Amino acid sequence: MADTSWASGLAVERWAKELMYEVGKEIYFEKFMGPGPDSLIQVKNELNGQSGDSVTFGLITNLSASGISGDSTLEGNEESMGNFSQTVSTSMIRHAVRNTGRFDDSKVLYDFRVEALAVLKTWIAEYIDSQLFTNLGASCTYLFRADTGGDSVASRLGDDKDQLAAADLIVPADISALQKLAKVPGVSGQLRIRPIRVGGREYYVLLVHPEVAYDLKQNSTFTQALREAEVRGSENPLFSGAIGIWDGVVIHEHENISLFDDGGGAAVHGAHNLFLGAQAGVYATGGDPIWGEKSFDYGNQLGVAGGLIFGNAKVKFDSDGDSSDEDFAVIRYSTASTDFSA
């Protein structure tokens with residue numbers, strides 16, 4: 001018994017390419033992705049069309065030696081480049097939809113393949129974004145908490161939500177502190193977090209929960225700065241959808257930033273926001289998105305499957321050889337926030 005073919009191989013290939021294009025547009029992190037090490041999420045497609053299930057990324061660190069001046073001998077005084085790396089393993093994710101049948105399709109004015117494309121590309125993009133948010137926010141080694149009561153920056157390093165008070169909302173001064181901590185690390189063993197370079201200028205990214213974004217938009221210092229120097233005219237994707245820039249930090253909001261209700265040791269509502277620099281994460285693909293079609297019931301029903309072979313990870317490194325990995329370009333910034341679910 002043989003299935004009836006609903007589409008030729010060329011047609012399936014066309015839909016697979018369309019799925020690839022549409023998924024790329026839908027991924028939230030796409031604006032932060034790029035092939036080079038100066039991207040927030042570095043992307044490699046080395047496995048496309050090749051065998052293998054993992055990709056290794058080299059991590060770029062700054063040179064620290066002072067170099068040679070004048071006619072002093074350079075040979076023999078070279079500096080070893082940082083040799084950290086991050087390996088990403090890939091796996092395949094798939095999902096499928098199936099129609100009721102030709103007769104049911106004839107009652108409505110839609111194309112089942114078009115509808116399948118719409119729901120599958122959204123599902124794949126949301127799956128990828130969810131994975132990236134989860135990995136970037138998991139087991140963070142560098143922590144910084146908000147405080148409006150006057151605690152020093154140093155005393156807040158390494159602190160999480162336990163010391164938060166309900167009044168410890170996001171403030172512009174904390175964003176400036178995060179930017180300085182990225183450039184001049186306040187934690188032993190932490191590398192300088194490299195910024196993303198756009199148009200000759202350096203930027204970091206702060207991802208906050210929409211509740212935290214609301215609180216920031218109520219801050220008079222921040223809103224005054226926006227009125228005087230809003231993001232204007234830049235076509236770089238880094239700025240697309242940003243709620244503003246403060247002290248070289250581009251601020252974005254997303255609902256996938258994790259919330260908590262047990263801050264302050266008990267009942268302070270807040271969010272674990274993420275401050276990110278270049279190579280905060282890595283992303284690898286193992287080929288074009290999958291598009292498969294199968295007919296059922298003598299060709300009366302059509303099933304469409306979509307999927308992707310990919311992998312992603314937060315970049316971590318072993319700073320002191322003790323086998324304990326530390327975050328390469330992520331600082332978790334914990335704040336109290338307005339609770340819209342209360």
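Predicted model: local features only at pLDDT ≥ 70, side-chain atom pairs only at ≥ 80, totals over all residues.
Residues are numbered from 1 along each chain as its sequence is written, and side-chain values use heavy atoms, with hydrogens and water left out.

**Entry 1: the cavity.** The largest cavity holds about 40 Å³, a volume being the space filled by probe spheres set on grid points that are joined across faces, edges and corners. I listed its lining as Tyr142, Leu143, Leu157, Leu181, Pro185, Gly186, Val187, Gln190 and Ile331. By class this lining has 7 nonpolar residues, 2 polar ones and no charged ones, where Ala, Val, Leu, Ile, Met, Phe, Trp, Tyr, Cys and Pro count as nonpolar, Asp, Glu, Lys and Arg as charged, and the others, Gly among them, as polar.

**Entry 2: the pocket.** I then turned to open sets, a pocket being one with protein on both sides within 12 Å along at least five of seven lines. The largest pocket has a volume of about 360 Å³, and of its 16 lining residues, Met20, Gly24, Asn45, Tyr283 and Thr285 lie nearest the centre. Which element gives the largest share of this lining? I found that α1 does, with 3 residues, while α1 (9-26), β1 (33-34) and β13 (281-285) each supply at least two. The classes in this lining are 8 nonpolar, 6 polar and 2 charged.

**Entry 3: His252.** I located His252 in strand β10, residues 249-253, helices (H or I, at least four residues) and strands (E, at least two) being DSSP runs numbered from the N terminus. Is His252 buried or exposed? I count His252 as buried because its relative accessibility is 1%, buried meaning under 20% relative accessible area, exposed over 50% and partly exposed in between, with a 1.4 Å probe and protein chains only. Leaving aside residues up to four places away in sequence, His252 touches a set of residues including Tyr28, Phe32, Val205, Leu207, Phe239 and Gly241, contact meaning heavy atoms within 4.5 Å.

**Entry 4: the chain.** I recorded 7 helices and 18 strands, and noted that 44% of the 342 residues count as buried.

Definitions and conventions
1 Å grid on protein atoms, 1.4 Å probe; cavity = no way out; pocket = protein on both sides within 12 Å on 5 of 7 lines; lining within 4 Å.
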